[in-house]
Amino acid sequence: MSKVKKNTRSRRKSQKGNKMIRCIMWFLTLVVVALGGWYFSDCVAIDEVAKKIRLTSSSHELLMVAKENSQSEEIVNYEGMTLSFNKDLHIPNWVSWELTATEVAGALPRKDNFRSDDNVAGSAEKWDYSYSGYDRGHMAPAGDMKWSKKAMDESFYMTNMCPQAKTLNTGAWKRLEEKCRQWAEIDSAIIIVCGPVLTDPIEEYIGDSRVAVPQRFFKVILSPYVESPRGIGFIMPNGKVTGGMQASAASIDEVERITGLDFFSSLPDEIENEVESQCRFHYWSTLKKKK
């Protein structure tokens, strides 16, 4: 074979190899572009979810709760909480508040000042609980109000109280309050709603005012501003909670079914349906603050 033929064949092989390399490079470029577009669109989608919540649901709207029943209700707005008060039962139907990481860092000392709110019809007196065997159980805890003297002071109004067995008030209920403060620190802000389960029959009353004693209590927590909004609920008996918080965890959908209340209805439907169907206690219990 002549030297010219050998060189020609070599050039052809080289050109063929270069063409194949160029094809591979083009293919890889298309893959990178496609993946980048998917990643970008996914990030935009996540950002749009957070933006959509902020645009459609203010904190105030998320604090409001719809009732299916015709029970007595007066909406009362305090410095650190909003509540629906039932003048016939002398306890709240529900109490809601936003808790932020900044508020958790508040350092005001607790100063017990239980008293009636004279501006709210049906508000119980503090002595209605005397010798009853029940604690004056905070719905919105004083520990969440250390950021404001007024908020702390108003948390001791009897409109924010329900008769609670000490085993609940100082047990699982208190531990859940402490967990909520940790979750607020981790997520920057959460929305909390709690109260008595008033679909249960009232079988006991205390004091001259005949304050209703609930058989069970609920609490729902929403973390709306994180990358993937999430929620969880709890139903606890008015006594010892066997199995603690984990045993009492429920989806918000289940809490709504039990209580007849509608929470977080101002959320976009697809987000509300997702967060209210969840019951991932293990996920919530293992959340840790980023360093």
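Modeller: One term before we start: a residue is buried when its relative accessible area is under 20%. Keep in mind too that this is a predicted model.

Colleague: Fine. So how much of strand 11 is buried?
Modeller: Seven of the eight residues in strand 11 are buried, and the strand is mostly covered.

Colleague: What does strand 11 pair with?
Modeller: Strand 10 is one partner: the two run antiparallel and are joined by eight bridges. Arginine 216 has proline 237 of strand 11 as its bridge partner. Strands 10 and 11 also form a hairpin, with six residues between them. Strand 12 is another antiparallel partner of strand 11, through two bridges. There, phenylalanine 234 is bridged to alanine 249 in strand 12.

Colleague: What holds paired strands together in general?
Modeller: Backbone hydrogen bonds, with the strands either parallel or antiparallel.

Colleague: And what is the strand order in the seven-stranded sheet?
Modeller: The order is 2-3-4-7-10-11-12, in an open sheet with antiparallel pairing. Strand 2 and strand 12 are the edges, and each of them pairs on one side only.

Colleague: How many bridges link strand 3 and strand 4?
Modeller: Five, in the antiparallel sense. Asparagine 86 is bridged to isoleucine 91 in strand 4.

Colleague: What sits in the loop between those two strands?
Modeller: Histidine 90 lies in that loop, between strand 3 (82–86) and strand 4 (91–100). Histidine 90 has a positive phi of about 65°, although it is not a glycine.

Colleague: Is histidine 90 buried or exposed?
Modeller: Histidine 90 is buried, because its relative accessible area is 15%, and the cut-off for buried is under 20%.

Colleague: Switching to helices. Which residues of helix 8 are buried?
Modeller: In helix 8 (residues 252–259), they are Ile252, Val255, Glu256, Ile258 and Thr259. Looking down the axis of helix 8, these buried residues fall within an arc of 165°, so they line one face of the helix.

Colleague: What comes just after helix 8?
Modeller: Glycine 260, with a positive phi of about 75°.

Colleague: Where does asparagine 69 sit?
Modeller: Asparagine 69 is in the loop between strand 1 (65–67) and strand 2 (74–77). At 29% relative accessibility, asparagine 69 counts as partly exposed. Leucine 198 is 129 residues away from asparagine 69 in sequence, yet their C-alpha atoms are 9.9 Å apart in space.

Colleague: And the largest pocket, what is nearest its centre?
Modeller: Arg110, His138, Asn169, Lys174 and Glu177 lie nearest the centre, out of 14 lining residues. Strand 5 (135–138) and helix 6 (172–187) are the elements that give two or more residues to this lining. The pocket holds about 330 Å³ of space.

Colleague: What is the lining like by class?
Modeller: Three nonpolar, four polar and seven charged residues.

Colleague: Last thing, the whole chain. How many helices and strands?
Modeller: The chain has 10 helices and 13 strands. Of its 291 residues, 48% are buried. Among contacts between residues at least 6 apart in sequence, 69% join residues at least 24 apart.

Definitions and conventions
Residues are numbered from 1 along each chain as its sequence is written. This is a predicted model: local features need pLDDT of at least 70, side-chain atom pairs count only at pLDDT 80 or more; totals for chains, interfaces and linings use all residues. Side-chain values use heavy atoms; hydrogens and water are left out. On a 1 Å grid over the protein atoms alone, a cavity is a set of points where a 1.4 Å probe fits but cannot get out, and a pocket is an open set with protein on both sides within 12 Å along at least five of seven lines; lining residues have an atom within 4 Å of a point. Grid points are joined across faces, edges and corners, and a volume is the space filled by probe spheres set on the points. Helices (H or I, at least four residues) and strands (E, at least two) are DSSP runs, numbered from the N terminus. Ala, Val, Leu, Ile, Met, Phe, Trp, Tyr, Cys and Pro count as nonpolar, Asp, Glu, Lys and Arg as charged, and the others, Gly among them, as polar. Buried means under 20% relative accessible area, exposed over 50%, partly exposed in between (1.4 Å probe, protein chains only). The arc is that of the directions from the helix axis to the C-beta atoms. Two strands pair if DSSP finds at least two bridges between them. Contact means heavy atoms within 4.5 Å.
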